[in-house]
Amino acid sequence: MSPAEGAPEGVVPPQLLKGQKALVTGANSGIGKATAVGLGRAGADVVVNYVAGREAAEQVVEEITSFGVRAAAYEADVSQEDQVVAMMDRMVQEFGTIDILVANAGLQRDASFTEMSLAQWQKVLDVNLTGQFLCAREATKEFLRRGVVPEVSRAAGKIICMSSVHQLIPWAGHVNYASSKGGVQMMMETLAQELAPKKIRVNAIAPGAIKTPINRSAWETPEARQDLLRLIPYDRIGEPEDIAHAAVGLASDLMDYVVGTTLYVDGGMTLFPGFATGG
Ligand code: NAD
């Protein structure tokens with residue numbers, strides 16, 4: 001039996017995403033960077049979105065083009081409608097279309113509840129939730145315009161929302177962030193329901209603790225690492241590549257029947273490890 005047997009016709013890793021065009025937001029750092037590289041390695045052409053740090057974005061582009069695919073860095077603030085519309089127009093013009101959106105850009109502005117300013121609340125909602133809404137809406141317009149191209153993919157388009165275990169686990173001191181991710185879950189599921197008949201697959205990835213700049217204080221010192229590991233049954237902190245692998249899989253036709261699901265990639269963090277010995 002050949003390794004590809006049982007897989008949808010024409011899908012043979014590592015050319016799993018050959019000929020597909022992907023956009024990854026917030027792709028010059030952390031999870032977005034690893035995901036953009038992973039998609040490129042799997043054969044996709046990739047637009048690397050960034051809002052600040054052009055040089056880092058260009059480095060990601062260079063790494064991706066070393067796989068023999070196309071890549072380009074586009075500057076846009078995902079929370080700004082005009083910038084998202086312009087980014088998608090440019091992608092369609094320069095890359096022809098979009099097949100995969102990874103709505104990854106996100107940030108934290110932490111504060112205890114009574115100390116949290118409206119600006120902190122609004123900024124996190126604007127980027128983490130409204131940013132995903134805008135990117136998903138513009139990508140969907142292009143998916144619908146183009147429809148399914150069977151030689152490229154069984155779906156007209158794939159959207160992967162980057163959520164968090166905090167769509168499920170409440171997080172004191174981070175009410176803006178947890179609310180944004182809870183919103184991402186319901187947005188994703190609603191879009192999945194609305195768009196599935198159009199052959200657009202919408203799913204989410206909920207990372208646990210992944211070693212990136214967003215949470216440096218949680219893994220930088222040995223004490224912080226120990227504290228964090230207590231929450232992770234699998235006993236290791238995640239790497240950005242753990243999320244990239246999940247994104248490549250979800251974007252591919254190997255997962256063509258996966259619709260409206262959140263894939264938790266968290267080393268078991270959402271298994272409520274505190275109950276392993278109590279309860
Ligand atoms: P990161 O800080 O390394 O990357 C975030 C990226 O988003 C950066 O490139 C940043 O410039 C970009 N960004 C921020 N605001 C933007 C805007 N307005 N427009 C465009 N880009 C913008 O952090 P990360 O850990 O790689 O986070 C990526 C995603 O993963 C986020 O949505 C985050 O909430 C989610 N996440 C991360 C973890 C983790 O443990 N690292 C866990 C759960 C979820």
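Reader: Is cysteine 135 buried or exposed?

Author: This is a predicted model, in which local features need pLDDT of at least 70, side-chain atom pairs count only at pLDDT 80 or more, and totals for chains, interfaces and linings use all residues. Residues are numbered from 1 along each chain as its sequence is written, and side-chain values use heavy atoms, with hydrogens and water left out. A residue is called buried under 20% relative accessible area, exposed over 50% and partly exposed in between, with a 1.4 Å probe and protein chains only. Because cysteine 135 has 1% relative accessibility, the word for cysteine 135 is buried.

Reader: How many disulfides does the structure hold?

Author: A disulfide is defined as a pair of cysteine sulfur atoms within 2.5 Å. The sulfur of cysteine 161 lies 9.9 Å from the closest cysteine sulfur, in cysteine 135, and this is too far for a bond. Cysteine 161 is itself buried, at 1% relative accessibility. For the structure, the number of disulfides is zero.

Reader: At roughly what angle do the axes of helix α4 and helix α5 cross, and which word describes how the two helices lie?

Author: Helices are DSSP runs of H or I with at least four residues, strands are runs of E with at least two, and both are numbered from the N terminus. Axes are lines fitted to C-alpha atoms, for helices over the stretch in contact, with angles from 0 to 180 degrees between N-to-C directions, and the axes of α4 (residues 118-146) and α5 (residues 175-195) come within 8 Å and cross at roughly 15 degrees. Angles under 35 degrees count as roughly parallel, over 145 as roughly antiparallel, 65 to 115 as roughly perpendicular and the rest as oblique. The crossing angle therefore makes α4 and α5 roughly parallel.

Reader: How do the residues of the contact of α4 with α5 divide into nonpolar, polar and charged?

Author: Contact means heavy atoms within 4.5 Å, and the residues that meet include Trp121, Leu125 and Phe133 in α4 and Tyr177, Lys181 and Met187 in α5. Ala, Val, Leu, Ile, Met, Phe, Trp, Tyr, Cys and Pro count as nonpolar, Asp, Glu, Lys and Arg as charged, and the others, Gly among them, as polar. The division for α4 with α5 is 12 nonpolar, eight polar and one charged.

Reader: Which residues of α1 and α2 make the contact between these helices?

Author: The axes of α1 (residues 30-41) and α2 (residues 54-65) come within 9 Å and cross at roughly 20 degrees. The two helices are therefore roughly parallel to each other. The residues that make the contact are Lys33, Ala36, Val37 and Gly40 of α1, with Val60, Glu63 and Ile64 of α2.

Reader: Which residues does alanine 57 touch?

Author: Alanine 57 belongs to helix α2, where this residue is buried, with a relative accessible area of 0%. Once residues up to four places away in sequence are not counted, those touched by alanine 57 are Asn28, Val48, Tyr50 and Ala73.

Reader: With which residues is glutamate 138 in contact?

Author: Glutamate 138 sits in helix α4, and its relative accessible area of 7% makes glutamate 138 buried. Leaving aside neighbours within four places in sequence, the contacts of glutamate 138 are Val84, Val85 and Met88.

Reader: Near what value is phi of lysine 199?

Author: Lysine 199 lies in the loop between α5 and β6 (200-207), and at 47% relative accessibility this lysine counts as partly exposed. Its phi is positive in a residue other than glycine, with a value near 65 degrees.
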